[in-house]
Amino acid sequence: MIDYFFGYERENGCGVRNHVLVIPTVSCSEFTVKKMVSEASQYFSSYDGGIKALNNPYGCGQTGKDLDQTTRTLINIGKNPNVSGVLVVALGCESVNYDKVADEISKVKNVEFLKIQDQGVTKTVDEGVRLLKKLSDEAKKMNRKKCGVENLSIALKCGGSDFTSGIASNPVVGKVSDMVVNMGGTTIIGEIPEFIGAEHLYAERAISQEVKTEIIDTVHKFEEKLKREAGVDFRGAQPSPGNITGGLTTIEEKSLGAIKKSGSSKVSGVLEYAQIPNKRGHFMMNTPGYDIESVSGMVAGGANLVLFTTGRGTPTGNPVAPVIKITANYETYKIMEDMIDFDCSSVIDGRETILKSSERLWELIIDVANGKPTKAEINRQDDFLIYRIGPTY
Amino acid sequence: MIKAIIIDGKDNVATVLGNAEVGEDIQLIGQDEISTIRAISKIPRGHKIAIHDIEKGGPVIKYGEVIGKALVFIKKGEHVHIHNMDSIRGKILK
């Protein structure tokens, strides 16, 4: 087992990419950001390192815990070790405390700041291009160095699942999660609604009674919120009639298929959405199931790489972390080879065991950590969405 | 030969990867040791086959975990689905 990779050393860990990130603190500054990035990207645009802009349709008309969560996401995605430097672009009167965003990120890396209300769009774009060039020059000076795999923090996600996900691709990813945790690294699983019905089994893996209670509470609160705000009894409605025709019997079976990608290691804690863990190990994060919101939260929580299993196929990627997409459905792989990185249909036709397949996946993970671009990076697909938890005012 | 995958060594069911007819032999894969089992009922693709006898009220185990309980005695080789098993934690199917 390879237990090192060549990454970018940062103050708070090792990155597998070397990006310059532009963060609009509110939707009102997104258009200005797009303009400066389209002009500046010619300076720095490799798969390994380039200028990336976050999508942020929020940042104003928000309050309380919802505003805190959006602010935390913007700060923590900027701190991700895959990012070399950050440019924060504010409007000037939004709900998000843009000074706090810039100050917090600057504790661990180079940050530049612009406010549209100080100088108008044209000057902000010109100044932004100049600053992005400067941040890119600083990033280009960085070289890859040998880093232990304990520096990997891997987000685990499934989306567009089919019957192959629960029996092959998720168990393969679960074995990898166990390897990473055993070697001292970190893995994070989100999508809380997928735990409903099997939360008691996952909770058995908690390192303490406190964490066990937190796991159960997090799942039950999510379930109650769905009931209260959407009028849906998730537990009562799952598995769906389609799931049952496909061979699933109980909600335990359905949820276990999804949770299987977290392997069997101890659960070290429960994280708030976009919260960075203060130690290494396996963690549960309070994210919804929605692919893009879930992955965005885990990458803001420090994940420098994403393992994404799919049955039906999805092109999804992330601006900060490479997303490795995995399927055990051979037809899906053949049709969508331009967006899927790893085929483990061999597990389903008996040519390979789950363990052997996970060892082959591990080799790809190390290659990607060393700089090999994923299909989503080649397609330049940079999906990012923040999970909102309150009403817009 | 149709295959069925065993995900965890503790499992008492396997997921059948093709449509199995009564009396058809199925190859069990997923673990280091490969063996065969004979289907004693018709089992659609993606559904489960009992790889051991399961007592009435006993646990049905997949992923090494309890996914429900047997409503009746389930014989090795039988189709395991909502007609002979039920949830413990969620909606009661029967």
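Visitor: In this predicted model, which residue of β5(A) does Pro24(A) stand opposite?
Guide: The strand β3 of chain A, residues 19-24, is joined to β5(A) by six bridges, and the two run parallel. Within that pairing, the residue of β5(A) that stands opposite Pro24(A) is Val89(A).

Visitor: Which residue of β6(A) stands opposite Leu87(A)?
Guide: Strand β6 of chain A, covering residues 110-115, pairs with β5(A) in the parallel sense, and six bridges hold this pairing. In β6(A), the residue standing opposite Leu87(A) is Glu112(A).

Visitor: How many of the eight residues of strand β5 of chain A are buried?
Guide: A residue counts as buried when 20 or more other C-beta atoms lie within 10 Å of its own. For β5(A), residues 83-90, the strand is largely enclosed by the rest of the structure, because the number of its eight residues that are buried is eight.

Visitor: Turning to the contact between chains A and B, which element gives the most to the side of chain A that touches chain B?
Guide: The contact takes 22 residues from chain A and 27 residues from chain B. On the side of chain A that touches chain B, the elements giving two or more residues are α5 (163-182), α8 (234-237) and α10 (251-259) of chain A. With four residues, the element that gives the most is α10(A).

How values were computed. Residues numbered from 1 in each chain as written. Chains lettered and ligands numbered in written order. Predicted model: local features only at pLDDT ≥ 70, side-chain atom pairs only at ≥ 80, totals over all residues. Contact = placed C-beta atoms within 7 Å. Buried ≥ 20, exposed ≤ 12 C-beta atoms within 10 Å, placed from the backbone. Pairing = 2+ DSSP bridges.
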